[in-house]
Amino acid sequence: MTITEHPAELDHTDPGDGLGLLQQMLRIRSFEERCVQLYSAEKIRGFLHLYIGEEAVAAGLLGELGADDAVVSTYREHGHALARGIPMAAVMAEMFGRTTGCSGGRGGSMHLFDAGRRFYGGNAIVAGGLPLAVGIALADAMAGTPRVTVCLFGDGAFAEGEFHECANLAALWHLPLLFACENNRYAMGTALRREHANTDLALRAAGYGMAAWPVDGMDADAVATASQRAIQMIRGGAGPCFLEFRTYRFRAHSLYDADRYRDKTEIDQWKARDPIPRLAAQLRAAELIDDHRYAELQASIDAEIDAAITAAENAPEEPVTDLTRHVYAERI
């Protein structure tokens with residue numbers, strides 16, 4: 001299902017098969033769960049926005065990109081970074097604020113960045129990544145490259161003016177841009193129905209003259225199939241596309257959030273559609289995995305996380321003497 005010409009340039013398992021998708025989702029889920037423990041132990045500080053429940057989108061979408069494509073993300077981007085191929089050790093070190101982190105320890109949870117892999121944030125501002133994505137896609141279009149830019153954002157960002165301005169410009173300029181809306185139904189603590197008079201976001205996006213359709217964001221294979229189709233259309237010169245991934249976050253908006261705006265019954269209903277056991281059941285039915293193989297996958301991931309934590313704990317913090325580095329121009 002992957003359409004890149006250089007799949008080996010990305011540091012992740014080929015997600016073109018179900019086992020690859022399952023492994024990627026397990027990596028993201030396990031990483032996030034361990035981050036909760038580290039946050040409780042005060043080894044991770046600041047805000048922490050978890051991706052638990054939405055793993056199918058990161059695994060299914062980003063696995064379809066080539067190494068030359070670009071990704072612009074949000075503050076809930078740990079899963080996006082891992083699926084893009086940023087080494088887990090570099091992500092974990094950034095969570096710890098260490099110099100070996102992908103942003104040199106200066107970005108933390110909300111500002112993961114890796115220019116070499118064309119992963120341009122991590123952005124703490126709601127809808128803040130959209131204008132950046134338009135600029136990147138415009139630059140690639142002007143250079144005549146076959147690159148695609150993917151911009152991930154939530155349903156809350158759809159209500160911001162930046163989205164509508166960017167959608168209009170992308171359509172006018174026929175940019176190679178995939179608008180990937182992770183509609184988890186809550187903009188922080190505000191339910192979708194309380195924020196949008198028309199909750200069919202894909203239908204509204206189509207009004208800008210771009211191909212747009214909804215996708216089951218709790219089904220990794222459905223995400224991969226839709227993403228492949230959209231990316232092929234964009235590479236073929238169709239201009240921008242919009243995918244509305246209808247998903248759900250199982251945890252609160254952040255670990256500072258008391259999560260009193262959702263009914264427990266609703267959360268349990270969505271957990272029954274958890275994308276990880278859902279795909280695992282399909283693979284078991286097809287005799288592609290069994291309990292032993294599943295346990296091996298989990299053990300390998302746990303070892304990867306343990307190694308990343310050990311490396312982060314032993315990595316240096318930035319010295320005070322470097323406080324103004326990357327802030328002021330270096331003297332010549």
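**Salt bridges and burial in a predicted model**

At 56% relative accessibility, E317 counts as exposed. Exposed means over 50% relative accessible area, buried under 20%, partly exposed in between, with a 1.4 Å probe and protein chains only. This is a predicted model: local features need pLDDT of at least 70, side-chain atom pairs count only at pLDDT 80 or more, and totals for chains, interfaces and linings use all residues. Numbering runs from 1 along each chain as its sequence is written, and side-chain values use heavy atoms, with hydrogens and water left out.

Back to E317. What does its side chain meet in a salt bridge? R98, at 4.0 Å, N to O. A salt bridge here is a side-chain nitrogen of Lys or Arg within 4 Å of a carboxyl oxygen of Asp or Glu. E317 lies in the segment after α13 (291-314) and R98 in the loop between α4 and α5, so the pair ties together parts 219 residues apart in sequence. Helices are DSSP runs of H or I, at least four residues; strands are runs of E, at least two; both are numbered from the N terminus. R98 counts as buried, at 14%.

Next pair. R273 bridges to D216, with the closest N and O atoms 2.8 Å apart. R273 sits in the loop between α11 (264-271) and α12 (275-285), D216 in strand β6 (residues 211-216), so parts 57 residues apart in sequence are tied together. R273 is partly exposed at 31%. D216 is partly exposed too, at 25%.

E244 is buried at 0%; R246 is partly exposed at 27%. The whole structure holds 21 salt bridges.
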